[in-house]
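Visitor: I'd like to go through the aromatic contacts in this one. Can you walk me through them?

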Amino acid sequence: MDKDSVSIHFVQGIADCAAAKGVALEPLLRKAGIDPALLADPAARVPVSAYGILLREVAQLLDDEFFGMDRRRMKLGSFSMLCLLAVGARNLGRALQRLTHGYRALFDDVHVALCHGDGTAWLEVRPLDPARPLPIFAYETLLVYIHGVACWLVRQRIPILAADFAYGEPPQVDEYFLLYSSTLRFNQPATRLRFDAKLLSLPVQQDERSARSFLNQAPDSFLVKYKNPDSYSQRVRSLLRQCPPTDWPDFERVAQQLRCSPATLRRGLRQEGRPFQDMKDKLRQELAMAALADPAQSIAEVAAMLGFAEPSAFQRAFRKWTGLAPGAWRAQPRP
């Protein structure tokens with residue numbers, strides 16, 4: 001995955017916003033240097049710079065930096081105002097309080113909050129009225145923007161221990177691993193990004209002068225810089241994806257290939273909330289679902305491909321992962 005590009009699914013998100021407001025999309029896409037035909041290819045990617053241009057163009061046409069996803073317009077300049085409020089805070093916790101309070105003052109339909117307890121803190125996004133659900137793109141936009149600003153404020157990435165989403169797993173789930181965390185949970189009661197509460201005391205290291213440069217380049221300035229390709233869990237996941245499960249190296253060999261000690265790797269994965277065995281299980285589950293979607297492969301063949309000695313062991317594992325036997329999962333209608 002190219003860290004300087006984004007999935008076409010995010011382009012489709014902003015395209016849907018524009019269409020809902022009656023905006024002609026094709027001229028905007030071409031102005032951003034995006035071929036409209038790419039919308040038909042779910043595997044397509046576009047440069048972050050092109051995506052940023054598209055976001056800015058739609059915001060300017062609508063005079064709405066939240067692209068029509070709330071009943072009240074987030075007028076042009078609102079995001080700059082929130083960032084300038086945040087840079088005046090003493091530490092990250094105070095800055096995030098200002099950001100979330102500001103968003104609540106601007107929105108009629110969306111509740112944004114900073115919460116903390118039991119050693120963790122979390123950013124939470126939810127609809128004010130459960131009868132008026134938010135589009136997935138609304139969650140994606142707010143989480144990426146607020147987390148990106150938080151990282152910029154303290155000049156380092158804020159590691160996300162776990163990311164919960166109040167909707168099912170989207171097609172662009174691989175992008176979520178890169179943008180958010182290696183620990184993703186879907187169909188949860190609320191959408192939250194969790195991180196170590198100790199980070200709230202980090203001092204804000206930006207000022208109004210640096211904010212001007214940041215805002216002139218937003219959202220490119222944080223969509224790329226604060227992605228998480230260098231986390232231990234992302235590096236382990238990338239390494240495992242390079243070979244079939246039957247050839248996966250053991251933990252010590254993984255540490256050797258990542259040029260760190262097993263103790264360092266174990267500590268890093270623990271801090272990121274992503275144990276090695278959980279990562280292997282999640283990747284096996286993803287590979288299993290992809291293989292089962294092909295009716296030409298028998299369940300026994302899928303089990304062998306994943307490294308299970310017996311099909312029965314695979315069936316038990318798959319039921320644990322999904323709550324369904326492989327055959328029952330395969331029989332479900334696919335979207």
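This is a predicted model: local features need pLDDT of at least 70, side-chain atom pairs count only at pLDDT 80 or more; totals for chains, interfaces and linings use all residues.

Visitor: How many aromatic pairs in the whole structure?

Guide: The search finds 18. Rings of Phe, Tyr and Trp (its six-membered ring) pair if their centres lie within 6.5 Å; planes under 30 degrees apart count as stacked, over 60 as edge-to-face and the rest as tilted.

Visitor: Why is the pair of Y139 and Y167 tilted?

Guide: Their planes are at 40°, so the pair is tilted, with ring centres 5.5 Å apart. Y139 is in helix α6 and Y167 in the loop between β5 and α7, 28 residues apart; helices (H or I, at least four residues) and strands (E, at least two) are DSSP runs, numbered from the N terminus.

Visitor: Is Y139 buried or exposed?

Guide: Buried, at 6% relative accessible area, and Y167 is buried at 8%. Buried means under 20%, exposed over 50%, partly exposed in between (1.4 Å probe, protein chains only).

Visitor: Which residues form the aromatic cluster?

Guide: Y139, F165, Y167, Y176, Y180 and F186.

Visitor: Change of topic: what lies over the face of W122?

Guide: R194, at 4.4 Å from the ring centre. The charged end of R237 sits over the ring of F177, 4.0 Å from its centre. The criterion is NZ of Lys or CZ of Arg within 6 Å of the ring centre and within 35 degrees of the ring normal.

How values were computed. Residues are numbered from 1 along each chain as its sequence is written. Side-chain values use heavy atoms; hydrogens and water are left out.
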